[in-house]
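Here is a short note for a colleague who has not seen this structure before. Please read it with the model open.

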Amino acid sequence: MEKETILSAYSDYLLDHQERPKSMHHFAKHLEIGEQEIYAHFASFEAMEASIMAHFVENARDLTVEQASSNEAFTDQRTQMVTFYLTFVEVLKANRSLVQLLLPQGKEQLQAWKNLKQAKHTFLDYVRSLDIKIEALSFIPSDKVKEKTLDVAAWGQFITILAFWMKDDSPDFERTDIFIEKSLKLSFEISDSTILHSIVDLGKFVTHNEEAR
Amino acid sequence: MKKLDKIPTSKTQRAAKMLKVGTGVGANYVKYWGKKLVSDKEAAKEQLDEANAAVIYDGLSEMKGSALKVAQMMSMDQSILPKAFVEKFSLAQFQVPPLSAPLARKVLTKELGKSPEEIYDSFDYDSRFAASIGQVHEAWKDDQKLAVKLQYPGVAKSISSDLQIVKPVAMRMFNLKSEDVAEYFEEVESKLHEETDYTLELQQLQDAIDSCSVMPNLTFPKPFKEMSTKTVLTMEWKEGKHLSEYDGMEPTQEQRNQIAQTLWDFYLFQIHELRKVHADPHPGNFMVSPENELIALDFGCVKALPDDFYNSYFKLTHPENISNRETFLGILKELDVVTEGDTPEEQKLLADTFERLLTIVNRPFQSERFDFSSPEYFHELMMLGNELKDQKELRKLSGKRGSRHFLYVNRTLFGLLGLMNALNAGPVDVYHHEKYLTKRALNGRRA
């Protein structure tokens, strides 16, 4: 059985039962396949859940790349980022109940972070592939710190937009669209040195922290 | 520091923005008092107005949407506002950051049900013009060039809360009390809501096209219903220059006269024949074609004149109704300018004031031809406006003054006078429009 088929079957199960299957054995039986077929792709339910969120990111990324290659007006980096987010929230909209299940608020928030881990890698890989050059960051001599700084900023923005969408109650989540437009404009035009230095400082800290480990 | 162009989306954020405007104005007053000690009073006041206008404008333009519309509206009334305010607010219609291509595409797709690429043969995502609540894109379909007006998402919903925030600032600017302005704000709010409905605008544009076909030298962009919705309006693209850039076309005096006459006829025809008038006469809403035709754009704001208001208002254009004090007071009462509770002294003050005002405003109608380019006429009008604004006795009068319909009718009238003046044309045939009328106009040609 294919990876995607298993993921979509698991999503349906979650939506229907509002909880995980009792065991991998139960789930395999539900799919009428052998357990080892699932283990070929996923070691656990946690791994499946993290894959779903990453899958949404991939979905939006592929659509964005496709549009950028077919229409000149959508090729520059900033436009691509806006397109990505607008598409991403459309993907989320189509799966809102599932996303709310996978990203619980309150006490279980830690679970939400775990479920976003793989999405984070997929997203940051995509952002790095865009090779975004922020003029205001050119004063940083170390490429590594520069990359980390962008990572921190980009992921922070991702989380902010996701959180905004989770709470958005406007029709068709119209406000999230506006939020995306404004916050992307802000981040690409940002040049206030105090804010920037704080972000760079954080980027440095994260770099050193990872090196120290 | 480069300005962050983050448009606030919730009411609290908007409130914070307005607060910034408020404190900015305060700071300017501090500077004003500082300057006043050392320099000449008039110059300091002028600088203060300019500084305040800049701060308020910057605050408003960041809020985009309806607050910007209010700024524009206030800028129309050149005779009430000090010059600096007007100059700064007039910029309001030009400076707004455009929507990004992806968001424009998403909004259009959501509205029209298909992507712009599917609907039009080509679509340019770089907007060509900005309007205060939308932007205009160029598109092509079946070898025809089109103008696609796209409304900013979320604008319609923010109007009421925006107005609540603008209200105290506006009241402070014009020295008004809250109970005096409720009805006026209601009028503004309902008009602004109408302006966010492009379906209504399309209908109003179509009505104008149908009813104004008798008038020569006047044209409109044809709308396309099947490519329009509540927030998207597709129209024929009209080539030409905006009225503000007309001088750049180097028109002959004869051409200027023709445009001025057409503009004048267009307005008087609407008022007297249609009793519905394009209520947003600013230079951005008119263009002149290469063939020197007047092109009227933007029918979002159309003011209908109810019969009783029309009848009372235009009775005031007859000098004999003004010179007879009893008749005059009767008309002023019909228009809510004078109220039953006014003392005889207050009634006299109001009647005297309006008599002076109307003598000037009515002057063009006292002759067959009138030269609107005359600076003396406008100077006189503005001087009187300034004088009335500062008159303590008038300010002290309680209650609201004047029918709510005055708001947009006066804006239209003063806007028209401003446009006529800026055109720098020769004398215009004041009653030329009468040949197009089927109804009897209340301020008909004097015998």
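This is a predicted model: local features need pLDDT of at least 70, side-chain atom pairs count only at pLDDT 80 or more; totals for chains, interfaces and linings use all residues.

1. Helix packing in chain A. Helix α1(A), residues 3-17, and helix α4(A), residues 45-70, have axes that come within 10 Å and cross at roughly 105°. Since angles from 65 to 115 degrees count as roughly perpendicular, α1(A) and α4(A) are therefore roughly perpendicular to each other.

2. Residues at that contact. From α1(A) the contact draws on A:Leu7, A:Tyr10 and A:Ser11, and from α4(A) on A:Met48, A:Ser51, A:Ile52 and A:His55. Sorted by class, four residues in the contact of α1(A) with α4(A) are nonpolar, three are polar and none is charged.

3. Strands in chain B. Strand β3(B), residues 134-141, runs antiparallel to strand β1(B), residues 122-123, and two bridges join them. Within this pair, B:Phe123 stands opposite B:Ala139 of β3(B). β3(B) also pairs with strand β4(B), residues 144-151, in the antiparallel sense, over eight bridges.

4. The hairpin turn. Two residues lie between β3(B) and β4(B) in their hairpin, and B:Asp142 there has a positive phi near 45°. B:Lys141 stands opposite B:Gln144 of β4(B).

5. Is B:Arg440 buried or exposed? B:Arg440 has 8 other C-beta atoms within 10 Å, and a residue counts as exposed with 12 or fewer, so B:Arg440 is exposed. B:Arg440 sits in the segment after β13 (428-429) of chain B. Between B:Arg440 and B:Phe378 there are 62 residues of sequence separation and 29 Å in space, taken C-alpha to C-alpha.

How values were computed:
Residues are numbered from 1 along each chain as its sequence is written. Chains are lettered from A and ligands numbered from 1 in the order in which they are written. Two strands pair if DSSP finds at least two bridges between them. Helices (H or I, at least four residues) and strands (E, at least two) are DSSP runs, numbered from the N terminus. A residue is buried if 20 or more other C-beta atoms lie within 10 Å of its own, exposed if 12 or fewer, and partly exposed in between; C-beta atoms are placed from the backbone. Axes are lines fitted to C-alpha atoms, for helices over the stretch in contact, and angles run from 0 to 180 degrees between N-to-C directions. Angles under 35 degrees count as roughly parallel, over 145 as roughly antiparallel, 65 to 115 as roughly perpendicular and the rest as oblique. Two residues are in contact if their C-beta atoms, placed from the backbone, lie within 7 Å. Ala, Val, Leu, Ile, Met, Phe, Trp, Tyr, Cys and Pro count as nonpolar, Asp, Glu, Lys and Arg as charged, and the others, Gly among them, as polar.
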